[in-house]
Amino acid sequence: MEFTICRKTVDVFWRVIAAACLLTMLFLTGTRAQEPPYFVTYSDALEEPGNLEIAIKNLQAAPHAGNAFFSSTLELEYGAKAWWTTEVYLDGQSTSKDSTIFTGFRWENRVRPILRQHAINPVLYLEYENTNEADRGLLEVVGHDVIADLLNSNAEGRRHIQRELELKLILSSNVRGWNFSENFIAEKQLTGNPWEFGYALGVSRPLALAASSRACVFCRENFSAGAELYGGLGDGRGFGLHDTSHYAGPAVVFNIPKGPSISFSPNFGLSANSVGVLYRFKISYEVQQITNYFRSRND
């Protein structure tokens with residue numbers, strides 16, 4: 001009885017969140033996001049000051065010798081300043097033959113110390129994570145994250161809370177429409193354990209740089225394509241590729257004019273410690289000057 005009530009409560013929670021996102025998309029004025037089609041790699045793109053991006057990022061996978069699962073992450077990204085973007089994540093997942101649970105939250109901040117464009121544009125990243133071991137979002141891969149971590153039951157995983165600090169050095173270059181991004185990741189549990197390390201690399205480009213002379217939905221400039229490579233680099237006790245997992249795959253985003261952006265990417269495991277295929281899907285919507293909108297409504 002307790003499990004049934006818990007699962008129904010979580011299902012209702014995610015339905016309410018999804019409904020709120022859809023209502024926001026319907027009633028607020030928005031614009032398409034201009035970010036590369038990456039799911040794990042970060043570029044130097046920050047949210048415009050005053051704008052709010054609402055996104056639902058999903059992942060589906062069926063690890064060998066484990067139950068298939070579907071993970072969903074709600075992202076609320078706000079442009080606080082031209083040089084500072086802050087974001088809140090709410091994570092949950094549903095595992096076949098197991099349960100549906102809420103797995104925690106994250107608070108992310110990205111700061112760009114140099115606003116002008118250069119050959120290499122650095123961004124500093126700081127995130128606080130409060131999640132349990134049943135989390136399946138795989139928003140990054142660090143340390144010795146392997147397929148075995150995805151085989152525990154939800155009941156077992158939810159008992160172990162992980163409070164972690166994550167740092168990233170983001171380097172990004174934009175050349176003739178191409179974006180090249182490199183991330184170095186360092187993550188540490190606040191209760192102990194050594195630092196864990198990881199990486200993410202991305203390259204992408206719009207299918208067309210010049211806008212069409214006529215308004216259209218399926219114009220080439222509304223699409224961007226690219227690829228990502230990411231994985232773990234061990235920890236403070238053993239830096240390197242031993243007992244680590246790695247993934248690579250193409251990515252594409254469709255920026256619907258005056259509507260949401262839809263992204264898709266299959267990520268293929270490159271080692272025996274990796275899941276065979278991760279299917280990633282994301283829908284995002286950018287609301288312009290949300291604080292001004294609510295201020296005008298109250299006037």
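A search of the whole structure, which is a predicted model, finds four cavities of 30 Å³ or more. A cavity here is a set of points, on a 1 Å grid over the protein atoms alone, where a 1.4 Å probe fits but cannot get out, and a lining residue has an atom within 4 Å of a point. Grid points are joined across faces, edges and corners, and a volume is the space filled by probe spheres set on the points.

The largest cavity has a volume of about 200 Å³. Of its 17 lining residues, Glu-35, Tyr-38, Thr-41, Tyr-42 and Lys-282 are the closest to its centre. Strand 2 (52-61), strand 3 (69-81) and strand 4 (84-95) are the elements that each give two or more residues to this lining. Strands are DSSP runs of E of at least two residues, helices are runs of H or I of at least four, and both are numbered from the N terminus. By class, the lining holds seven nonpolar, two polar and eight charged residues. In this division Ala, Val, Leu, Ile, Met, Phe, Trp, Tyr, Cys and Pro count as nonpolar, Asp, Glu, Lys and Arg as charged, and the others, Gly among them, as polar.

The second largest cavity has a volume of about 110 Å³. Thirteen residues line it, and Glu-35, Pro-36, Ser-263, Lys-282 and Ser-284 lie nearest its centre. Strand 12 (246-255), strand 13 (261-269) and strand 14 (277-287) each supply two or more residues to the lining of this second cavity. Its lining divides into six nonpolar, four polar and three charged residues.

I turn now to one residue of the first lining. Is Tyr-42 buried or exposed? Tyr-42 is buried, because its relative accessible area is 15%; the term applies under 20%, exposed applies over 50%, and partly exposed in between, with a 1.4 Å probe and protein chains only. Tyr-42 sits in the loop between strand 1 (30-31) and strand 2. Leaving aside neighbours within four places in sequence, its contacts (heavy atoms within 4.5 Å) include Tyr-89, Glu-108, Arg-110 and Ile-170. Tyr-42 and Leu-169 are 127 residues apart in sequence, yet their C-alpha atoms are 9.5 Å apart in space.

Not counting residues up to four places away in sequence, Glu-182 touches Leu-169, Ile-170, Leu-171, Ser-172, Ala-200 and Leu-201. Glu-182 counts as partly exposed because its relative accessible area is 31%.

Next, the nonpolar cores. A nonpolar core is a set of buried Ala, Val, Leu, Ile, Met, Phe, Trp, Tyr and Cys residues joined through side-chain atoms within 4.5 Å. The largest has 14 residues, and those with the most contacts inside it are Leu-59, Ala-61, Tyr-230, Tyr-247, Val-275 and Leu-278. Beyond its neighbours within four places in sequence, Ala-61 is in contact with Ala-68, Phe-69, Val-275, Val-277 and Leu-278. Apart from this core lies another, of seven residues, among them Ile-54, Ile-56, Leu-74 and Val-287.

For the chain as a whole, the secondary structure comes to three helices and 14 strands. Buried residues make up 47% of its 299 residues.

Finally, the conventions. Residues are numbered from 1 along each chain as its sequence is written, and side-chain values use heavy atoms, with hydrogens and water left out. In this predicted model, local features need pLDDT of at least 70 and side-chain atom pairs count only at pLDDT 80 or more, whereas totals for chains, interfaces and linings use all residues.

Technical notes
1 Å grid on protein atoms, 1.4 Å probe; cavity = no way out; pocket = protein on both sides within 12 Å on 5 of 7 lines; lining within 4 Å.
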